[in-house]
Amino acid sequence: MKLSDKFLDNQLSPKVSINPDLKYLGTETSFGFGAEVVALEIAKKFPQIYKFHIGDTGPNTPEPIIEVAFQALKDKQTKYGHFMGYPQVRANIANYWSKTRGVDIKTENVILEPGGKPAIELSIQALVGDGDKIIVQNPSYPVYGSLANFYTKGQCLNWTARQNSADMTLDFNIEDLVDILEKNKNIKLLFLNTPQNPTGMMMKKEKLEMVAELAMRYKFMVVFDDIYDQITFGDNKHFSLLSIPGMLDYTINLNGCSKNYAMTGWRIGFIIAPEWLIEIFGQLAVNKWSCVSRVNQIVAGTIFGDVDLDGYHYDSVAEKIKPILQADFIEYEKKGKFLSASLKLLSPFILSNEPEGAFYLFPNFANILKLKYLNETLNIKTDKKLSHWLLHEHGIATLAGSDFGDGGNGYIRFSYAEDRNKHIIPGIKHLLKIMIEIIEKSGEKPPILQTEVEEKIRQLEEKYYE
Ligand SMILES: Cc1ncc(COP(=O)(O)O)c(C=O)c1O
């Protein structure tokens with residue numbers, strides 16, 4: 001429910017009115033849905049809830065990072081920190097970014113923030129005025145559209161993915177972006193995410209080059225969100241917009257420690273952007289959160305290099321955490337491939353994409369939603385209702401595709417971050433059996449029988465987890 005509907009002005013006590021623009025504010029459903037899952041766990045309705053809804057990392061923060069934080073606390077690094085991030089910390093990040101992106105990034109191009117998310121609002125507040133427009137991918141991480149609509153009073157423009165008619169995978173077509181740019185004036189920002197939440201797809205170098213060319217031609221900035229940049233599989237190597245000559249001037253690079261380093265709850269992120277914009281962000285930061293905590297600043301710094309602060313020295317943890325992270329990323333890849341292959345057992349009822357990066361799959365359930373038993377007997381006609389039913393009637397937690405924009409209608413987002421033996425393997429068996437039952441009750445023939453599920457999954461386990 002929208003806040004503006006829930007808190008109707010004439011019913012508030014005392015009699016005050018809320019900001020009318022709140023009607024444009026959306027949300028990130030995974031937090032509310034997560035609370036529903038917790039409530040069901042407490043109510044013990046199911047022996048276990050299989051968690052495919054989590055946008056959080058499965059692995060825990062690597063131990064060497066935790067040790068730095070302990071040490072910093074023992075050293076009483078507990079007072080206010082530098083509002084932009086200590087220069088040495090920012091320099092460490094700049095060095096790493098220069099090396100990995102192949103472009104000269106300076107300390108002045110970097111600012112620390114509490115998590116990656118604040119970069120979204122900072123960018124809009126710094127650049128978007130009355131009448132300006134913002135483009136977001138659809139489907140995409142819902143906070144872009146939520147804040148874009150809030151600040152432009154519902155004028156957010158959607159770059160909606162096209163569906164491949166054969167396998168229903170999604171693709172963002174450059175011609176569609178050009179069309180939006182041609183038809184609209186005053187476009188200030190495009191939000192672009194790769195590896196992408198919710199699809200787990202990556203945008204290839206050639207397409208990013210076309211986006212870059214458009215940014216320079218039409219003079220808009222790109223909030224380039226590559227917060228999952230290190231979690232990529234096989235040949236799908238991440239390519240940064242910053243690596244394209246001239247794009248440092250047009251890019252606001254949202255990144256941080258949450259996903260790559262399994263640190264979602266710490267709230268450490270950073271932005272790489274033109275110097276002038278970083279200065280504006282700094283002033284906005286002072287007005288919002290004053291500074292990122294000192295402990296977090298030290299931790300963020302040691303991920304990329306040594307840190308010295310107030311007479312204390314903290315060694316870089318970069319080399320120590322490398323093998324830990326490598327193992328985490330390999331496990332993500334195995335789980336993603338296993339899950340995609342498992343969902344494909346029910347093709348063409350369920351059509352799954354291949355995992356490319358992050359820890360999400362975005363299978364299409366449109367053919368399941370058309371099934372008579374689901375559609376007519378149970379009256380479940382949308383991905384939203386399906387996700388709700390799967391949780392409340394079967395203890396399987398997933399997110400509805402349409403929670404990421406109407407371009408996600410008919411899709412379900414599966415996260416495979418959680419533990420393979422506790423959630424992914426038993427959860428997918430449970431899901432397949434439920435889907436087979438629906439197919440049969442609708443009078444259609446499932447590609448495999450319920451009695452074959454255990455053996456088929458065992459074979460896939462052998463294939464992907466060897
Ligand atoms: C694409 C994307 N961008 C940004 C964020 C926010 O990251 P953080 O938790 O560091 O604020 C998320 C979190 O799920 C995400 O999926």
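In strand β7, Phe-191 is the bridge partner of Val-136, and this pairing belongs to a predicted model, in which local features need pLDDT of at least 70, side-chain atom pairs count only at pLDDT 80 or more, and totals for chains, interfaces and linings use all residues. Residues are numbered from 1 along each chain as its sequence is written. Helices (H or I, at least four residues) and strands (E, at least two) are DSSP runs, numbered from the N terminus, and two strands are said to pair if DSSP finds at least two bridges between them.

| Strand paired with β7 | Sense | Bridges |
|---|---|---|
| β3 (residues 133-138) | parallel | 4 bridges |
| β8 (residues 221-225) | parallel | 5 bridges |

On the β8 side, Asn-193 stands opposite Asp-225. Strand β7, helix α8 (residues 205-218) and β8 together form a right-handed β-α-β unit, where right-handed means that, with the strands pointing away from the viewer, the path from the first strand over the helix to the second runs clockwise. Of the 7 residues in β7 (residues 187-193), 6 are buried, that is, 20 or more other C-beta atoms, placed from the backbone, lie within 10 Å of their own.

As for the chain, it has 16 helices and 16 strands. Its radius of gyration, 23 Å, is close to the 23 Å that the globule rule gives for 466 residues, so the chain is as compact as a globular protein of that length; the radius is taken over C-alpha atoms, and the rule is 2.2 Å times the number of residues to the power 0.38. Buried residues make up 49% of the 466 residues.

Conventions
A residue is buried if 20 or more other C-beta atoms lie within 10 Å of its own, exposed if 12 or fewer, and partly exposed in between; C-beta atoms are placed from the backbone.
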